[in-house]
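Student: I would like to go through this model and ask what stands behind each label.
Tutor: Then let us start from the structure itself.

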Amino acid sequence: MKFDVVVIGAGAAGLFCAATAAKRGRRVLVVDHAKRPGKKILISGGGRCNFTNYYIEPEKYLCNNPHFCKSALSQYTQWDFIALVERYNIAYHEKTLGQLFCDDSAKDIVAMLVSECEQHQVSFSYQTEILAVEKRDDNQYHINTSKADFDCESLVIATGGLSMPKLGATPFAYKIAEQFGLQVLPTRAGLVPFTLLPELKTPLAEVSGVSMPTRISANNMAFSEDMLITHRGLSGPAVLQISSYWQPGDDINIDLYPNGDFSEVLSNALQEQPNVSLKNLLNVNFAKRFVEKLLPLIGLDNVPIKQLNHKQQARLVDTIHNWTVKPSGTEGYRTAEVTLGGVNTDHLSSKTMEVKTCPGLYFIGEAMDVTGWLGGYNFQWAWSSGYVAGQHA
């Protein structure tokens, strides 16, 4: 069967690209190995899909070429996608830091994308395994699948990265890239919880579920958001954000009191209530369960604060503002929201996502070496990269 465009992958980028290309009058087929479209969309944002962010900027994306994402993000902006959402009367709200979520369900976003495709006669082939892809002498792409063979002028790879293998993530995009001579940069899990060594993991596991505002830094980046203690280690928005900048073996520095100066709190308490116990002083500012575990980790006894010498006071303040933790690793692709690395963007046109050396072949979304911050940035990259490829495929 012949199509103008075949999109492999029925996720956010693939569906949006297919709809965009079909609006131009192109005959489009979407192929996916899953039973239904948008599996990752459906579970995102706790089932409410954090579909974009008010504050999309190229600086909030990690890429070997920091300029690469500028063109696509300017060609199709967050405001364009918000207008589409509003056109479908999908109610949404801002949670924090510009993050936009559906009021009701992520199903609304999937239904909208499918509707955009169906209005323009996009064809779908689900539960279809790709057996082989080749480029023929007439510059047509031939796709051999478990259901049928397809030929097309333009082939778009939108199969994502390696994160969340339970949802069917595979290295398919990287294999196709390598088949056509493109470099794939080393991949690793991004936006992912940290695991800890037993000496820290064991005491903290007893207070799992405790969340607190923090400022976490590593490798000259810092994020001020909540941190969550888990059975396995550390999670929460601040941890997920810094994980994309962290490298194995690095320390992270955690400011447990990011919105004030704890040395002032201590000096005021020494003047006004010198007999208060260290634990009670800390209980005012931190969860009691956490304080129970923190004191032994700092090596301080629960004494009246007037008994702390200058060295102990300094250690307390330093730990509160600069608690140094060395993660043992991350939870890996199993729980990662995104994949860092991927198809080297040097091979792609930043304006169209087309492979420079292979006309008619496109890579979009998470398959390439572009990773956004937590908070709707990766969905916006899916919409923007899908749009520009759809305009040219």
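**Labels and their cut-offs**

Tutor: Alanine 158 counts as buried, its relative accessible area being 10%. This is a predicted model, in which local features need pLDDT of at least 70 and side-chain atom pairs count only at pLDDT 80 or more, while totals for chains, interfaces and linings use all residues. Residues are numbered from 1 along each chain as its sequence is written, and side-chain values use heavy atoms, with hydrogens and water left out.

Student: Why is alanine 158 called buried?
Tutor: Buried means under 20% relative accessible area, exposed means over 50%, and partly exposed lies in between (1.4 Å probe, protein chains only). Alanine 158 has 10%, so the label is buried.

Student: Where is alanine 158 found, and what does alanine 158 touch?
Tutor: Alanine 158 sits in the loop between β10 (149-157) and α6 (172-179). Helices (H or I, at least four residues) and strands (E, at least two) are DSSP runs, numbered from the N terminus. Leaving aside residues up to four places away in sequence, alanine 158 touches Val7, Ile8, Gly9, Ala13, Gly14 and Ile364; contact means heavy atoms within 4.5 Å. With glycine 14, the C-alpha to C-alpha distance is 5.1 Å, across 144 residues of sequence.

Student: What makes arginine 26 count as buried?
Tutor: Arginine 26 has 18% relative accessibility, which is under the 20% limit, so arginine 26 counts as buried. Arginine 26 is found in the loop between α1 (12-23) and β2 (28-31).

Student: Why are β3 and β5 said to stand at the edges?
Tutor: The open sheet has 3 strands in the order β3-β6-β5, with antiparallel pairing. β3 (50-53) and β5 (92-94) each have a single partner strand, so one side of each has no neighbour in the sheet. From one strand to the next the twist averages 30 degrees.

Student: What makes β3 and β6 a pair?
Tutor: Two strands pair if DSSP finds at least two bridges between them. β3 and β6 (residues 99-102) have 3 bridges, in the antiparallel sense, so they pair. In one of the bridges, asparagine 50 has phenylalanine 101 of β6 as partner.

Student: How do you know that the length of α5 is close to the expected one?
Tutor: The expected span of a helix is 1.5 Å times one less than its number of residues. Helix α5 (residues 107-119) has 13 residues and reaches 18 Å from its first C-alpha to its last, close to the 18 Å expected. Its buried residues include Ile109, Leu113 and Cys117.

Note on methods
Axes are lines fitted to C-alpha atoms, for helices over the stretch in contact, and angles run from 0 to 180 degrees between N-to-C directions.
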